[in-house]
Amino acid sequence: MNRLQKTLGFLLILILAVLSGCGTGTSESNEKKATQPTEEETNVSQSGDENEVESSLKREDVIGVAAKVTRVVDGDTVKVELLNGKEETVRLILVDTPETKHPQLKVQPFGPEASDYTTEHLTNQEVTLEFDAEERDRYGRLLAYIWVDSKLFNEELVAKGLARVAVFPPNTKYVDEFRKTQDQARKNKLGIWSIENYVEEKGYNSEVARGIKEKEEDESAELNERCENKIKGNKNSKIYHVPTGAHYDQKMNNVQWFCTEEEAEEAGYRQSKN
């Protein structure tokens, strides 16, 4: 009986040990699963704005050409200087930003914002130009993906809602990733996607753009009439003057009137120092 009791006791201890190990493994597995971010979470920037989309591509073994951005033409076109000193115009692949200098289309909504974003983030930057199947377009411009450190700038424009995905075969290397990023920006109604029916398959709806401009002009005219002789803004300098200011009575072109200083500041104006 003693030998049998010892054997049963040993087996009981062994079973308890196995069960304990399984439970620990399950707990650890569940803990890891709980802390693992979902695919949707990884597409959202960690900046604190849950609507901001983060680029999905990271630089890995990219073979390209080193260059320095010397000037920004608009949101999707820049001037660069190569290592041999030659200047080239680079058109970003797979993206299309709204126009700012088109002779017929004029300035389209979010065109200036896209141009400003590219200017801020690329001017004087050392970058890497990555080419796809076709290196130049019919205008002789280089067609490239622009890498800034480990980030693909082309996709950043899409992620910010400042560009739509524009596909011109055979340059399609990252098209699937770009479309996923675009879907998220559209879902969050960022930038160009905040205007209903503005983005089309082959560009931007100019009629919608004109309607927005006309509405803004009507609102500006109504504001001028309602608030004349109150807060005086200069559309060119984006500076406003209060009635007691030194330059309030000076004649100026492109005047925008505001009822309050708060309205002027919300419109992007700053107060005159005098």
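1. K68 has E81 of β2 as its bridge partner. Strand β1 (residues 65–74) runs antiparallel to β2, and six bridges pair them; strands are DSSP runs of E, at least two residues long, and helices are runs of H or I of at least four, both numbered from the N terminus. Two strands count as paired if DSSP finds at least two bridges between them. The hairpin from β1 to β2 passes through two residues.

2. This is a predicted model, in which local features need pLDDT of at least 70 and side-chain atom pairs pLDDT 80 or more, while totals for chains, interfaces and linings use all residues. Residues are numbered from 1 along each chain as its sequence is written, and side-chain values use heavy atoms, leaving out hydrogens and water.

3. β2 is also antiparallel to β3, with five bridges. V80 stands opposite E88 of β3. Four residues lie between β2 and β3 in their hairpin, and G85 in the turn has a positive phi of about 90°.

4. Of the six residues in β2 (residues 77–82), five are buried (under 20% relative accessible area, 1.4 Å probe, protein chains only).

5. The largest pocket holds about 920 Å³ of space. Its lining has 34 residues, and R91, V95, D96, A166 and F168 are the closest to its centre. A pocket here is an open set of points on a 1 Å grid where a 1.4 Å probe fits, with protein on both sides within 12 Å along at least five of seven lines; lining residues have an atom within 4 Å of a point.

Technical notes:
Points joined across faces, edges and corners; volume = space filled by probe spheres on them. Buried < 20%, exposed > 50% of the residue type's maximum accessible area, 1.4 Å probe, protein only.
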